[in-house]
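This briefing covers selected local features of one model.

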Amino acid sequence: SKDEFAASSKRDSSKSSNSKGGSSKKTRDNLLTHIIRASTDNSDDNLVDMMKTILFAGYETTAITITFVLYNLTKYPEMQELCCEEARRILQRDDSITISDLRYTRAVILESMRLNPTVVLTSRNLTKTINLDGFEIPKGLRVVIPLTKLLVDERNFERAKEFIPTRWVRWNEEKNEWVERDHRKESTDHDEAVSAADPANFLAFSDGARDCVGKR
């Protein structure tokens, strides 16, 4: 049961913390045990809340994101080939690589998240009364922010409803690689199909002090 598993993990965590030097009995090595060791509040309610956050906000959102990325790569085979070509080229390097090195692939992921966000809305409680376009919104009101609308708004992204990874990156002939685009440095007479995306308008992870930890 949940209570038995939590109690067992707590005992294992306590044994691990109290052992000093020498060999000790092997303890459970699972996510819940690590949370118990790191947490100052090991009440069942708090542990359940943290596990729900990790499972639903971590695993499920990642799975949905990957699903939509694969869907879009299937829908646009020419972009799939560019991702494969980039992977073949980058993986030939001897040094270690990260997702930051796969710039076109990262752009595909960003564009997929923009058009198919895992979280469709978020909300905030106002800490003070504000005036928005002539409307007074009182303190204490919960404001719902429709992320799906903002991410496909033409005021935020040019040709907003189209899947265009090159709004995030461009091909650099001199370097023979994809490079990130900077909307602050590009002129309006660029050669790309659309203007560079402004990262400030990318709200798939929400924004502010309570944005999604996955953004990091």
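A residue counts as buried when its relative accessible area is under 20%, and as exposed when that area is over 50%. The model is a predicted one.

**Helix α2**
- In helix α2 (residues 31-38), the buried residues are Leu-32, Thr-33, Ile-35 and Ile-36.
- These residues lie on the same side of α2, because they span an arc of only 160 degrees around the axis.
- An α-helix has 3.6 residues a turn, so residues three or four places apart point the same way.

**Helices α3 and α5**
- Helix α3 (residues 44-75) and helix α5 (residues 103-115) have axes that come within 9 Å and cross at roughly 105 degrees.
- The two helices, α3 and α5, are therefore roughly perpendicular to each other, since angles of 65 to 115 degrees count as such.
- On the α3 side, the contact is made by Thr-65, Phe-68, Val-69, Asn-72 and Leu-73; on the α5 side, by Val-108, Ile-109, Ser-112 and Met-113.
- Of the residues in the contact of α3 with α5, six are nonpolar, three are polar and none is charged.

**Loop residues**
- Asp-153 sits in the loop between α6 (147-150) and β5 (169-172).
- With a relative accessible area of 16%, Asp-153 is buried, and its side chain forms a polar contact of 2.7 Å with the side chain of Arg-155.
- Asp-133, in the loop between β2 (130-132) and β3 (135-137), has a positive phi near 50 degrees although it is not glycine.
- Asp-133 is exposed, at a relative accessible area of 72%.
- Asn-176, in the loop between β5 and β6 (177-180), is another non-glycine residue with a positive phi, near 55 degrees.
- Asn-176 is partly exposed, at a relative accessible area of 44%.

Notes:
Residues are numbered from 1 along each chain as its sequence is written. This is a predicted model: local features need pLDDT of at least 70, side-chain atom pairs count only at pLDDT 80 or more; totals for chains, interfaces and linings use all residues. Side-chain values use heavy atoms; hydrogens and water are left out. Helices (H or I, at least four residues) and strands (E, at least two) are DSSP runs, numbered from the N terminus. Buried means under 20% relative accessible area, exposed over 50%, partly exposed in between (1.4 Å probe, protein chains only). A polar contact is a pair of N or O atoms within 3.5 Å; within protein, one must be able to donate a hydrogen and the other to accept it, and residues adjacent in sequence count only if both atoms are side-chain atoms. The arc is that of the directions from the helix axis to the C-beta atoms. Axes are lines fitted to C-alpha atoms, for helices over the stretch in contact, and angles run from 0 to 180 degrees between N-to-C directions. Angles under 35 degrees count as roughly parallel, over 145 as roughly antiparallel, 65 to 115 as roughly perpendicular and the rest as oblique. Contact means heavy atoms within 4.5 Å. Ala, Val, Leu, Ile, Met, Phe, Trp, Tyr, Cys and Pro count as nonpolar, Asp, Glu, Lys and Arg as charged, and the others, Gly among them, as polar.
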